[in-house]
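Dear colleague,

Please find below the structure that I am handing over to you. My findings follow directly after it.

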Amino acid sequence: MTMTDTTSKVIPIRPGLVHSPPNKGLEEIRQILRDSDVAPAGDELSDAAVISDETKFRRRFGRSFDWGRRDREALIRFKHQQDLTDRQIRLFWCTDNLRRTAQGFSLAASPWIALWACFQLLYVGTLLATVFLGGWENLFFAPLRFLPAWLMLFGLVFFSTALYWSQIKPWLVQRQLQTSMGWT
């Protein structure tokens, strides 16, 4: 396309400025950085640092991870084998679905507990819809009078969220890991 071509739909912002191709040296530097396996120099919570220092391990994973060096090594190795994130490790540990075994670690999220939690969510959702739709005029036009109903609604929403994160989400993550690794 030339600058005088009027049939094009692209209109240059500065017609007199000639655009140069991207810098090839910059692309080479990016490729070198992509190929390097060097961790950043100031990374105090790297895998090697948290294995050797218990305080850094607790800072990275949480206060309840008060483990010895052998268990820290096994957890980091398990994390990389299963391709888990730190947040997923904390989720499995807080929901008691990360088990220490003689061979290392395993995930123990039960599909039956997740199914039972789904039924509970269905029941709570029905209850929420009944309370909300049964008295929505009163809830909005006389809110202080129906403060207990509002508190019950917020409590049910909180309960539903906690139920999802504690019982359903670990099973979904475990199932996703199993299908990505071809275990099903």
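Helix α3 contains both phenylalanine 57 and phenylalanine 61, which are 4 residues apart, or about one turn of the helix. Please note that this is a predicted model. Both phenylalanine 57 and phenylalanine 61 are buried. Their ring centres are 4.9 Å apart and their planes stand at 50°, so the pair is classed as tilted. The structure holds 3 aromatic pairs. Another of them joins phenylalanine 78 and phenylalanine 105, with centres 6.1 Å apart and planes at 40°, so this pair is tilted as well. It links distant parts of the chain, since phenylalanine 78 lies in helix α4 and phenylalanine 105 in strand β2, 27 residues apart. Phenylalanine 78 and phenylalanine 105 are both buried.

Turning to the nonpolar cores, the largest has 19 residues, and within it Leu75 and Leu98 touch the most other members. At least two residues each come from α2, α3, α4, α5, β2 and α8, and α4 gives the largest share, with 4 residues. Leucine 122 belongs to helix α6 and is exposed, with a relative accessible area of 56%.

As to charged residues, the structure has 5 salt bridges. In one of them, aspartate 86 and arginine 60 meet at 2.8 Å, N to O. This pair links distant parts of the chain, with aspartate 86 in helix α5 and arginine 60 in helix α3, 26 residues apart. Aspartate 86 and arginine 60 are both buried, and a network of salt bridges links Arg60, Lys79 and Asp86.

Glutamate 73 forms a salt bridge with arginine 69, their closest N and O atoms being 3.3 Å apart. The two lie 4 residues apart in helix α4, so about one helical turn separates them. Glutamate 73 is partly exposed at 30% relative accessibility, and arginine 69 is partly exposed at 44%.

A further salt bridge joins aspartate 71 to arginine 100, with the closest N and O atoms 2.7 Å apart. Here too the pair links distant parts of the chain: aspartate 71 is in helix α4 and arginine 100 in strand β1, 29 residues apart. Aspartate 71 counts as partly exposed at 27% relative accessibility, as does arginine 100 at 41%.

Yours sincerely

Technical notes. Residues numbered from 1 in each chain as written. Predicted model: local features only at pLDDT ≥ 70, side-chain atom pairs only at ≥ 80, totals over all residues. Heavy atoms only, no water. Core = buried A, V, L, I, M, F, W, Y, C linked by side-chain atoms within 4.5 Å. Buried < 20%, exposed > 50% of the residue type's maximum accessible area, 1.4 Å probe, protein only. Phe/Tyr/Trp six-rings, centres within 6.5 Å; stacked < 30°, edge-to-face > 60°. Salt bridge = Lys/Arg side-chain N within 4 Å of Asp/Glu carboxyl O.
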